[in-house]
Amino acid sequence: MSLATKYSREVKRILAKYPPENKRSAVMPLLYLAQSEAGYITREAMQDIADLLEMSLTDVGALVGFYTLYHDKKEGKYRMQVCTDLPCALRGADRFMDSLCANLGIQVGETTPDGMITLEAVTCLAACDKAPMFQIQSRDGLEYHENMTVDKTMELVEALKKVGGEVK
Amino acid sequence: MAYVLLRHRDIPGIQKLDVYKKNGGFEALKKVVTQMKPNEVTDLVKNSGLRGRGGAGFPTGMKWSFVDNKIWPHYVVVNADESEPGTFKDREIMENNPLQFLEGVAIAAYAVGAKAAYVYLRGEFWKIAAALDDKIAELEEAGYLGEKLFGTDTTVHIYTHLGAGAYICGEETAMLESIEGKRGMPRIRPPFPAVYGLYGKPTVVNNVETLTNLPMIVANGSDWYKMMGTPDSAGVKIFSLSGRVRKPDNYELPFGTTFRQLIYEHGGGVQEARPVKAIMPAGASSSFIPVDDTVLDTPMDYASVRKLGADLGSASVIVIDDTVPIEWIINKTIHFFKHESCGKCTPCREGTYWMMNLVERLKREDAGQADVDLLLNVARQMQNKCLCPLGEFSTMAVVTGIERFPQDFKKQADVNIEPINADLKKVVSQNL
């Protein structure tokens with residue numbers, strides 16, 4: 001089923017935000033909508049959006065490639081995006097990340113064997129006073145976790161694995 | 001002194017409409033819509049001395065007066081992209097004092113004759129955008145946004161628009177491209193957005209903090225506002241303090257507060273009582289200020305910080321102590337800019353790439369002064385050649401770091417900063 005059919009109300013709400021002659025503006029919110037479906041954006045969804053907004057598939061794909069919060073590949077159910085940028089690093093984010101790698105048994109950019117957690121290093125998330133911190137990106141959106149310790153993080157990982165294992 | 005912007009710290013529950021109204025909420029919007037002409041609002045803001053809080057410090061009222069009245073419709077675009085490393089002030093405003101912010105957006109829209117305003121939030125502010133959408137719906141219901149405001153013919157609609165993880169979209173023309181559904185790449189200026197902005201129409205782009213000042217300026221007058229701060233930099237500013245300080249946080253203070261007051265009185269001093277070696281006053285885009293007593297006693301306003309060979313920018317003050325080599329810092333900033341360069345113009349795309357290779361080479365055993373010289377050379381060759389400020393910003397820390405801290409580019413001990421939360425040691429030793 002196409003995006004426009006399945007989420008007709010949401011699509012209508014998004015399109016109403018922009019002048020009708022500039023409906024291409026709806027492409028970013030529609031990409032988020034598509035991503036909420038599978039956790040990544042499928043080629044079919046990109047084609048749906050291209051048709052709906054009268055854009056080429058190439059133009060839609062270019063946006064998915066340009067913006068880091070869009071993904072075109074299936075990876076972990078939860079993307080743990082740890083800020084290792086300058087202000088966080090001045091509060092120990094690099095060591096925090098090393099320790100997370102050791103505890104999860106994966107390197108940055110890898111996914112745990114159960115397919116639950118993908119560990120990523122990201123640039124500033126506007127939480128410099130609350131490092132170490134990360135955000136969890138999933139189908140449900142984005143959640144900040146601030147002033148974190150490795151113990152607290154591993155507890156969260158266990159909780160996510162439990163929830164994530166039940167939700168298909 | 002009572003807060004002007006971070007009023008939620010004084011008034012619990014100010015994010016709720018009834019509490020906000022009890023504290024004068026929407027009186028300012030009502031006043032401008034029912035009693036003032038748009039140009040009178042612009043004049044009031046000009047007289048207040050308010051300057052843009054996003055980094056450039058351009059006078060807000062003057063920016064509004066550039067909007068081309070021969071071309072319609074007009075738009076307001078709010079820069080809520082807040083992505084500069086070290087900046088986290090707009091987030092606190094929108095999370096905790098959203099109604100004052102939205103009232104400010106509506107006042108700006110009225111002043112420039114815009115019926116629609118788009119708030120461009122970075123994608124990571126997903127929850128904030130959802131909360132703002134709820135507030136906007138509530139305000140439309142209550143008659144403070146939407147059509148026929150206060151029984152007049154004024155219409156103001158506010159819409160949120162989420163970015164998706166691109167620092168460059170904080171550059172105003174890249175932001176406009178992004179709203180138009182394109183990759184966030186800067187346009188060549190001129191024409192400036194005031195003439196050719198969103199959808200090719202005259203557009204004012206203002207920062208969240210800038211606009212949040214407006215209800216208070218309308219309510220209390222421009223003279224009240226000018227009494228705070230310095231003649232060059234009127235009013236209050238939120239300083240995002242981060243780095244090696246004990247109490248990193250947002251501090252709303254009058255312009256002209258000294259670095260010493262910010263770092264020691266408010267920020268609790270430096271971790272482990274180390275001395276401050278350098279300050280980056282505008283996040284990762286900053287020049288380095290080597291710190292001595294004179295610097296610490298310098299007032300933080302646009303003109304005084306410029307005299308120190310830096311810019312105040314968005315006032316995201318990153319404090320660096322004597323345990324951290326500058327070479328390590330620029331390794332971080334260059335990786336950031338390499339990642340965030342949009343790739344449109346050659347000096348920035350290639351320059352950040354080569355600077356990244358060079359800062360990585362500096363980590364090697366056989367690196368020497370020739371590599372440092374080459375890095376400086378690449379940075380200098382980029383300067384004044386980039387299409388937008390991102391490329392220029394990427395060179396600031398490199399050039400001033402090498403020039404002002406040459407000793408930090410000899411062999412350095414490894415940097416190994418312990419995470420602030422102390423439980424890590426145990427876990428690390430168990431697992432490594």
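Analyst: The model is a predicted one, in which local features need pLDDT of at least 70, side-chain atom pairs count only at pLDDT 80 or more, and totals for chains, interfaces and linings use all residues. Residues are numbered from 1 along each chain as its sequence is written, while chains are lettered from A and ligands numbered from 1 in the order in which they are written.

Helices here are DSSP runs of H or I with at least four residues, numbered from the N terminus. Two packed helices are described by the angle between their axes and the distance between the axes. Helix α6(B) covers residues 98–112 and helix α7(B) residues 126–142; they pack at about 65°, with axes 11 Å apart. The axes are lines fitted to C-alpha atoms over the stretch in contact, and angles run from 0 to 180 degrees between N-to-C directions.

From α6(B), the contact draws on Pro98(B), Leu99(B) and Leu102(B); α7(B) supplies Ala131(B), Leu132(B), Lys135(B), Ile136(B) and Leu139(B). Contact requires C-beta atoms, placed from the backbone, to lie within 7 Å. By class, this contact has seven nonpolar, no polar and one charged residues. Ala, Val, Leu, Ile, Met, Phe, Trp, Tyr, Cys and Pro count as nonpolar, Asp, Glu, Lys and Arg as charged, and the others, Gly among them, as polar.

Chain B also meets chain A: 48 residues of chain B are in contact with 44 residues of chain A. On the chain A side, α7(A) gives the largest share, five residues. That side has 26 nonpolar, 11 polar and seven charged residues.

Note on methods
Two residues are in contact if their C-beta atoms, placed from the backbone, lie within 7 Å. Helices (H or I, at least four residues) and strands (E, at least two) are DSSP runs, numbered from the N terminus.
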